[in-house]
Amino acid sequence: MSGAPDSPIHSSSSDDFIAYLDEALAASLPDASSDKEVENQDELESVRIKRRKFESDEETEESTSEGSVKQNLEESVEDVCTHPGSFGDMCIRCGKKLDGESGVTFGYIHKGLRLHDQEISRLRSTDANNLRSRRKLYLILDLDHTLLNSTHLAHLNSEELHLIPQADSVGGVSKSSLFKLDKMHMMTKLRPFVRTFLREASEMFEMYIYTMGDRPYALEMAKLLDPQGEYFNAKVISRDDGTQKHQKGLDIVLGQESAVVILDDTEHAWVKHKDNLILMERYHFFGSSCRQFGFNCKSLAELKSDEDEAEGALAKILQVLKQIHYKFFYELEDIAERDVRQVLKSLRREVLSGCVIVFSRIFHGALPSLRKMAEQLGAICLTELDPSVTHVVATDAGTEKARWAVKEKRFLVHPRWIEAANYFWEKQPEENFVLKKKQ
């Protein structure tokens, strides 16, 4: 779509749009990005005048009769303006006061900013064309249990108190991975490999943070992950910015769904966008995190251990992202028809391709989801044994099907074998998931 000046939002990326708003509004609203709002009509009128001046200066750069042309442009702007969005109750293009609120709120970009569907579509189209020319897609990153793990200081148990003197207090750029946030009474542990992950992913993706935490928490975590502001800028979305309670959605992301990849540990948070989702293995560093999800086991912190950098979840998923990026840009033919969701499905089907599975003694409530997972990974699932079966997945080595697997020298594995393949997008060594007969 053309970037003609039918709107003040001429940027080819959301960051450029943010910069535009900052420049246009800085003189009138020095605290536009804070929680302060325009309080009276005088301030609105000041913003309106400055926006007109900004537009007119831009549109008449090459004019030799600047004064008269500028005046004519100012008079015509309001006559033809379609009001693509609003800032408070003021049109972001012509500055006219609008009645009522409409459109989608983009408060994480600027307080009080709303955009209409047509303008959102135009921005997405323009931004997508720009990113594709730079060989980039979009990557939406969850925070908790995906990139990091946080706990309240009061929730540290006696076996985790050794962490306190090891933690860095936040201030300036730090290469540490463990932080004590005194003002928030919290401690945060970054997931191993996260800094390398972000650096390499940023070369392939335009990245957003999207968390169900509140905005102050989201911004504080963004500082820990991106202390120099290289990756996210204002692209930090919290639960305060969402349009649906307890749900995440791409309606507030300025990126086309066909070019968006999501990393999150919670599938049900993305009911409308499961095809864009790569489900992450949860990172449980603190004991409170284990207890939150009902695990009766020691945490990594209690064990004085951590994920392996080279073999951990982020290192594995980075390789998957590289495959997605390569396939999207270098293997598919028609760029206009490319859809990252189809790329995800295609890569996922390769993981257990060639495996023929029969299930035995799987709890009925878990069987449908486990079967669906295996089929999405490319496996064929049967209900009865036959010579084509390669794997019996069971929780009891004493069942008839399990004994058949041992006799016929087929793989007898625990359901976690499928779950691990799903998390790492890679067929796992069966010997690590062998089901042994109970003594």
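How much accessible surface does the chain have, and what share of it belongs to carbon and sulfur atoms? I looked this up first: the accessible surface comes to about 22,000 Å², and 48% of that belongs to carbon and sulfur atoms. Accessible areas come from the Shrake-Rupley method with a 1.4 Å probe, and for residues only the protein chains shown count as cover.

**Ground rules.** I am working with a predicted model, where local features need pLDDT of at least 70, side-chain atom pairs count only at pLDDT 80 or more, and totals for chains, interfaces and linings use all residues. Residues are numbered from 1 along each chain as its sequence is written, and side-chain values use heavy atoms, with hydrogens and water left out.

**The whole chain.** I found 12 helices and 17 strands. These are DSSP runs numbered from the N terminus (helices: H or I, at least four residues; strands: E, at least two). Of the 439 residues, 50% count as buried; buried means under 20% relative accessible area, exposed over 50%, and partly exposed in between (1.4 Å probe, protein chains only).

**Helix 5 and helix 8.** Next I turned to helix packing. Two packed helices are described by the angle between their axes and the distance between the axes. The axes of helix 5 (residues 194-201) and helix 8 (residues 313-331) come within 10 Å and cross at roughly 10 degrees. Axes are lines fitted to C-alpha atoms, for helices over the stretch in contact, and angles run from 0 to 180 degrees between N-to-C directions. So helix 5 is roughly parallel to helix 8. I noted the cut-offs: under 35 degrees is roughly parallel, over 145 roughly antiparallel, 65 to 115 roughly perpendicular, and the rest oblique. In contact (heavy atoms within 4.5 Å), Val194, Phe197, Glu200 and Ala201 of helix 5 meet Leu314, Leu318, Leu321 and Lys322 of helix 8.

**Helix 8 and helix 9.** Helix 9 covers residues 340-350, and its axis comes within 10 Å of that of helix 8, crossing at roughly 120 degrees. That makes helix 8 oblique to helix 9. On the helix 8 side I listed Gln323, Ile324, Lys327 and Phe328, which meet Val340, Val343, Leu344, Ser346 and Leu347 in helix 9.

**Two loop residues.** Which loop holds His145? I found His145 between strand 5 (137-141) and strand 6 (148-152). His145 has a positive phi of about 70 degrees although it is not a glycine, and His145 is buried, with a relative accessible area of 7%. Lys304 sits in the loop between helix 7 (287-292) and helix 8. Its phi is positive too, near 55 degrees, but Lys304 is exposed at 65% relative accessible area.
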